[in-house]
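Please keep the sequence and the model in view while going through the points.

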Amino acid sequence: METKTNVSLVFLVVSGIVMVFFSVPAKADDGLKETNMTVYFHDYSSGGPNSTDLPVVGFPGKLWNFTQFGTLYVVDDLVTEGPELTSATVGRGQGTYVIASLDGLNAYVSFSLVFTNMAYNGSTIQILGNNNQFKAVREYSVASGTGKFRYATGYATFETIFLDQSTSYSILRVNVSARHY
């Protein structure tokens, strides 16, 4: 009887130590850097020769547009430091988005912010998520990164700050907050 009690007591003590060991919170200084940046995407969706945003597939017999469920777009937008086209180039916003809700409000976005500037040349930040494309500010997750943004996590907000409907040209302000190694 006494042996059982000792074995049970030892098991409880060891279990308690193991639980404390695995439940200790991570250090506040985890070695991650935090980068916050604001960049500007220049989007041309006119369907003309200079388009950077084109529908590539949709349902047969349906109009392929940004409110039609199932329409898939491919994007390759210029990204600059400021809202002016003459501002310094940061890179490209390359990827896809699909209208993902039957009512045409939500788009699922998946693309890379591909840096070509001196500071981050060759690095990328992967942005993805599903959100109402008609909200003033849309929020997506930063899911990963490469190069100087390896293992990135965080979020990005998109806000349309300029829209010329006659030319289908828009400027999006993108705020990125990412933690990375």
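**Note on the predicted model**

1. Tyr151 is exposed, because its relative accessible area is 58%, and the cut-off for exposed is over 50%. The structure under discussion is a predicted model.

2. Tyr151 also takes part in an aromatic pair, its partner being Tyr181. The arrangement is edge-to-face, with 5.7 Å from centre to centre and 85° between the planes. The two residues belong to distant parts of the chain, 30 residues apart: Tyr151 sits in the loop between S7 and S8, and Tyr181 in the segment after S9.

3. How many aromatic pairs does a search of the whole structure find? The search finds 13. Ring pairs also join Phe41, Phe111, Tyr140 and Phe158 into a cluster.

4. The largest nonpolar core has 26 residues. Within this core, the residues that touch the most other members are Val39, Phe41, Ile125, Ile127, Val142, Phe158 and Val176. Strands that give two or more residues to the core include S1 (33-44), S3 (72-80), S4 (89-99) and S5 (106-115). Strands S6 (124-132), S7 (137-146), S8 (153-164) and S9 (169-180) are also among them. Which strand provides the largest share of this core? That strand is S5, with five residues.

5. Val39 deserves a separate look. Leaving out residues up to four places away in sequence, Val39 touches Val79, Thr80, Val90, Leu113, Leu172, Arg173 and Val174.

6. On the surface, a nonpolar patch is formed by Leu54, Val56, Val57, Trp64 and Val74. Together these residues have about 380 Å² of accessible area. Strand S2 (residues 53-57) gives the most to the patch, namely three residues. Leu54 lies in this strand, S2. Is Leu54 buried, exposed or partly exposed? Leu54 is partly exposed, because its relative accessible area is 33%, and this class lies between the cut-offs of 20% and 50%.

7. Ser168 is found in the loop between S8 and S9. With a relative accessible area of 23%, Ser168 is partly exposed. Where neighbours within four places in sequence are set aside, Ser168 is in contact with Asp43, Tyr44, Ser45 and Ser46. Ser168 and Asp43 are 125 residues apart in sequence, and their C-alpha atoms are 8.0 Å apart in space.

Note on methods: Residues numbered from 1 in each chain as written. Predicted model: local features only at pLDDT ≥ 70, side-chain atom pairs only at ≥ 80, totals over all residues. Heavy atoms only, no water. Core = buried A, V, L, I, M, F, W, Y, C linked by side-chain atoms within 4.5 Å. Buried < 20%, exposed > 50% of the residue type's maximum accessible area, 1.4 Å probe, protein only. Helix = DSSP H or I, 4+ residues; strand = E, 2+ residues; numbered from the N terminus. Contact = heavy atoms within 4.5 Å. Patch = residues over 30% accessible without salt bridge, like charges linked within 9 Å, V, L, I, M, F, W, Y side chains within 5 Å. Areas by Shrake-Rupley, 256 points an atom, 1.4 Å probe, with all protein chains shown as cover. Salt bridge = Lys/Arg side-chain N within 4 Å of Asp/Glu carboxyl O. Phe/Tyr/Trp six-rings, centres within 6.5 Å; stacked < 30°, edge-to-face > 60°.
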